[in-house]
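Here are my notes on the model, point by point. Please read them alongside the coordinates.

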Amino acid sequence: MPNLNLNEHPHRRFNPLTNEWILVSPHRAKRPWRGQVEPPPPEVRPAYDPTCYLCPGNKRVGGQVNPVYTTTYVFDNDFPALLRDTPATELADHPLFRAQGDRGICRVICFSPRHDLTLALMETADIRRVVDTWAEQTLDIGGHDFIGYVQIFENKGEMMGCSDPHPHGQIWSTTWMPREIAKEIAAQRDYFDAHGVTLLADYLAEEQRRQERIVYANEHWTALVPFWATWPFETLLVSNRPARSLPDLDSGERDALADGIHHLTVRYDNLFLMSFPYSMGWHQQPTDGADYPYWHLHAHYYPPLLRSATIKKFMVGYELLATPQRDIPAEQAAARLRDLSDLHYSRA
Ligand SMILES: [Zn+2]
Ligand SMILES: [Zn+2]
C-alpha cells in the first residue's frame, strides 16, 4: 500500500474540538473549471443611510431611536430569539416529547457609526473598541445568575442572511450550553485531563512548528486554517496564551487581537475582491460559575464562498445527511489566504 498523500487521496480528518470527522476529497479539486469569474462591481455605500435602522439617529423597526453614537454602540435586540422572563418550566409528559422554557438576553453591537465600513475597512484602533465591547458585554451579560453561556457572533453579508449591511454583530446568551459549546467542553476537558495542557495550546505549538496552515500571526494571536476545516476558507483565530475569555485579555493582547482581525478580514476581502461574507463567533468559557481551566479562547470564521464572489460551497446532500465534505485541502486554502496582500484591494 502506498503512503497516504493528503493532496491526492480521499481521506477523512478528525476535528479534536468536536470529536467529529470530515471527509476531504482533494482529487475533486482538479475537476475542470470554467475559469475565473469576474469580481462584482465595487459596492459603494454612503457613510450614512437614512433608511438604515442601525445608523446613528435613525428609528429602528421596533420604534426606538438610536442615539447619535460616535463609537461602538450596543442595544437590546428589538426582536430577540430569547426573552428574560420566560417560565423555566419543563414540559415532559412523554419522554419523546420534551420541551423546556428558556430564558436569555440578546443584544446587537454596531461596530461603527459609519454605514459604509466593515471590520476590514475600520482602523485598528476602532476594532480595539469592538474588542473591548465584546469583553464588557461578556462580563455584563454573563454576570446575570441565569446566564450560562454568552455567544458573540457576526453574520456578514447578504449571502449569510444578513439584512442590513451596517457593520454589526450580535450576542445571544442562554441558560444552557449550546450544542457546539457542549461538544468543545467535553473534548477540551478530556484533553486537559489527559495531558495537563489545553488542547489548543498543543495544537497551536504543532501548527507553529509546521507553518503550512498559518495565515497570519502576531505576538499574541494566530489565524490559521485548521487541519480539520470544513468550509473552504474556514479559519480559527486562537489566543497564543490559553486565555479563557475575552475579559481575561490584557491591553496588549486586545491590541494584538484588533491587529489580527484587521489582517485576517483584509485578506478575506482580497481573496475574491469583494466584501467577503462569513459567520464568525467567539468560543469562550461559560459563565455559569463553574471552573473551566481547560478552556482556550478562540474564534471561528465560517465563510461560505468556494471559487469566486458568487460560487459558494453548499452543505447539502451528503453533508446534510451524512458528514461534511470539502475538496480543496486546508493547506492549499491557507496558502492562498497567506499569500494575499495586507493592503485592502479598494485602497491598493
Ligand atoms: Zn447604517
Ligand atoms: Zn470553538
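1. Met-160 is partly exposed, because its relative accessibility is 23% (buried is under 20%, exposed over 50%, partly exposed in between, with a 1.4 Å probe and protein chains only). Met-160 sits in the loop between strand S7 (149-156) and strand S8 (168-174). Helices (H or I, at least four residues) and strands (E, at least two) are DSSP runs, numbered from the N terminus.

2. This is a predicted model: local features need pLDDT of at least 70, side-chain atom pairs count only at pLDDT 80 or more, and totals for chains, interfaces and linings use all residues. Residues are numbered from 1 along each chain as its sequence is written, and side-chain values use heavy atoms, leaving out hydrogens and water.

3. Which residues does Met-160 touch, not counting those up to four places away in sequence? They are Asn-155, Pro-277, Tyr-278, Ser-279, Tyr-302 and Pro-304 (contact means heavy atoms within 4.5 Å). Pro-324 lies 164 residues from Met-160 along the chain; their C-alpha atoms are separated by 18 Å.

4. An open sheet of 3 strands runs in the order S1-S2-S14, with mixed pairing. Strand S1 (11-15) and strand S14 (325-326) are the edges; each has a single partner strand, so one side of each lacks a neighbour in the sheet. Two strands pair if DSSP finds at least two bridges between them. S1 and strand S2 (residues 20-24) pair in the antiparallel sense over 5 bridges. Arg-12 stands opposite Leu-23 in S2.

Definitions and conventions. Chains lettered and ligands numbered in written order.
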